[in-house]
Amino acid sequence: MAKISINIKQGSLSKSEPVLGIDLGTTNSLVAWVPPGERDPQILESSEGRLTPSVLYFPENQAEPLVGKMAWDALESQPERCVRSVKRLLGKSAQDVQKHWGYRLVETSEEALVQVEVDGRYYDPIHLSSLILKELKRKAEGAFGQSVSKAVITVPAYFNDSQRQATRDAGKLAGLEVLRIVNEPTAASLAYGLNIGAESRTILVYDLGGGTFDVSILHLEDGVFEVLATHGDTALGGDDLDLRIAQWWMQQHSLEGIDNGIRLQHMAERAKMQLSQDADSPFSVAFNADVALELNYAKLCELAEPWMQTTWKSVDRALALSDLVETDIDEVVLVGGSTRFPEIARQLAKRFDHCRVNSEVNPDEVVALGAAIEADVLAGNRTDVLLLDVTPLSLGIETAGNLMDVIIPRNSKIPTRLAREYTTSVDGQVNLKIAVYQGERESVLHNRKLGEFVLSGIPAMPAGLPKIQISFAIDANGLLQVSAKELRSGMEQSIEVKPQYGLTDSEVEQRLLESMQHAQNDLEERMLIEAQNEAQQILYATERFLEKHAQHLSTEEIHITRQRCDELRGLLSQGDRNRLLASIEALNEVTKPFAERIMDIAVSEALKGKKL
Ligand code: AMP
């Protein structure tokens, strides 16, 4: 088995500063750490307990929101001032969450980062998540009596690049250097696996949280954690079951409105949790003077059935992706608060009846504990653990006809680097737009666009001749770097793919302001620069062409080409875009037939068996 070593950053860390392992959950968040000189991670406990509800409450006339237990309590009395399940919105555009229910989302353009409205103010999910992280950081600093600046944060394995970047940005905004983004099921198995010694085992991690679902299949051997496959849905979790219950109550009692919806969802969660703990005592609560909300365990199971079915399909896919069948699995591990709903363990035990379905690990805590172990590894305190992760979704570029051309297929081991060669489709093409997408659909229109850039300065050549190598590199955090190089000329360009929705409010505002102030000038200047670039490239390509192929041209042809080149060169520094374009066109007119002639010669030489 190929081992990919993880980059253990030692130099920049002071040994005494604890590195936090953070499980930034949809419903609850936790912090864990490994105390100095110890090996076992611990959950950080504050006066509120071990879990911090990932809920924000914006009290009237108070600038900073309250985060945690008090905010969770306020969900029932002041739902209009609360935001929950922010993680579901992270890295998403308005278009992604169009029909989402339970948030007051601001109507923005379809592609913009989604925003939540609370009491007339607008917040983006990165900002909201950073407020949760700030609270966790504050709690940790209170407990340790020292400042903390570094953390490992977990994300669902199925988070795409935008969602990972958004998590990283939220950490940054909270004043935390995010040393690594780790997949939740991997973190869970890290915490869990360390307790089972050197035995070789294949485990299936079923991770159903508040808003996300992942299933991962891992192979554990000698401290090496290899993820064989992962599947899931970043928009499926306990919240959906609450929503289903709330909608059923809404219909039953003809209730409507967003604030009623938020209250009902909150009560649905209480009902679900109560029935999960005691199936024999039906839930009943007064919603208002006229309406009593009721739910029993049988009805809960009926409402949950389609929700569970979706997760079984992901289990099938993960098994298929790793080329395994049920009996190859040595153990099923349950992770995430929603696995406390007993039907899940019951149905999994039925399907995996040859092995243990392990619900002994505390499903709420195991992810944070794993993150703390990885934090300890990255702090340089231990070297006996190795994580081999996979990328959950395919990555590729757009090619003609909106087609997705996959460069890194899903389930590839990370870190990884893969490249492919492309060429131009038009004669003399000097620029190539590279649009990067993530997803499994054939057409990019159905996949997520991560970003785009232009490779400029390709020497003008007949279509099909340039060799453009596009390389994708994913680092250990699952973040992508794309570069493009024209191999004949060595012209190169690269970007760290920043998601389109990753800008903060102030950045967006600032950019808008600047672009409005300078719009006209910027545009003119840019168009002039582009024309100058194009002229330089054409001059360069033409001169090289004359050097190499003069024997195929007549004296008259060479003369007129040189004349047009001189005219164009003379215009380069004059700042007159229109004259520049006209001169480029004039030169092109002369040289275009030459390129075709040379191609014909090259082809006929090749047909004669000669080398090109
Ligand atoms: P997590 O994202 O792992 O914190 O999981 C949170 C989800 O677990 C929420 O949807 C909770 O409603 C759900 N949850 C927590 N406790 C229980 C329980 N006892 N029974 C059913 N669901 C639960």
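How many helices and strands does the secondary structure of the protein come to? I find 12 helices and 28 strands. Helices (H or I, at least four residues) and strands (E, at least two) are DSSP runs, numbered from the N terminus.

I note the ground rules. The model is predicted, so I take local features at pLDDT of at least 70 and side-chain atom pairs at pLDDT 80 or more, while totals for chains, interfaces and linings use all residues. Residues are numbered from 1 along each chain as its sequence is written, and side-chain values use heavy atoms, without hydrogens or water.

Burial next. Of the 612 residues, 53% are buried. Buried is under 20% relative accessible area, exposed is over 50%, and partly exposed lies in between (1.4 Å probe, protein chains only). I looked up contacts too (heavy atoms within 4.5 Å). Among those between residues at least 6 apart in sequence, 67% join residues at least 24 apart.

Then salt bridges. I count a side-chain nitrogen of Lys or Arg within 4 Å of a carboxyl oxygen of Asp or Glu. The structure holds 32.

I checked glutamate 76 with arginine 270, whose closest N and O atoms are 3.2 Å apart. Glutamate 76 sits in helix H1 (residues 69–77) and arginine 270 in helix H6 (residues 258–277), so this pair ties parts 194 residues apart in sequence. Glutamate 76 is partly exposed at 25%. Arginine 270 is partly exposed at 31%.

Next I checked lysine 150 and glutamate 177, at 3.8 Å between closest N and O atoms. Lysine 150 is in strand E10 (residues 150–155) and glutamate 177 in strand E11 (residues 177–183), so the bridge ties parts 27 residues apart in sequence. Lysine 150 is buried at 9%, while glutamate 177 is partly exposed at 36%.

Glutamate 331 and arginine 356 meet at 2.9 Å, N to O. Here strand E17 (residues 331–335) holds glutamate 331 and strand E18 (residues 356–358) holds arginine 356, so parts 25 residues apart in sequence are tied together. Is glutamate 331 buried or exposed? Glutamate 331 is buried, at 3% relative accessibility.

I also logged a salt-bridge network, whose members include Arg84, Asp240 and Lys272.

Last, the surface. Lys467, Arg488, Arg544 and Lys548 gather in a positive patch. Patch residues have over 30% relative accessible area and no salt bridge; like charges are joined within 9 Å, nonpolar side chains (Val, Leu, Ile, Met, Phe, Trp, Tyr) within 5 Å. Arginine 544 lies in helix H10 (residues 505–549) and is partly exposed at 39%.

How values were computed
Areas by Shrake-Rupley, 256 points an atom, 1.4 Å probe, with all protein chains shown as cover. Lys, Arg positive; Asp, Glu negative; His and termini not counted. Charge placed at Lys NZ, Arg CZ, Asp CG, Glu CD.
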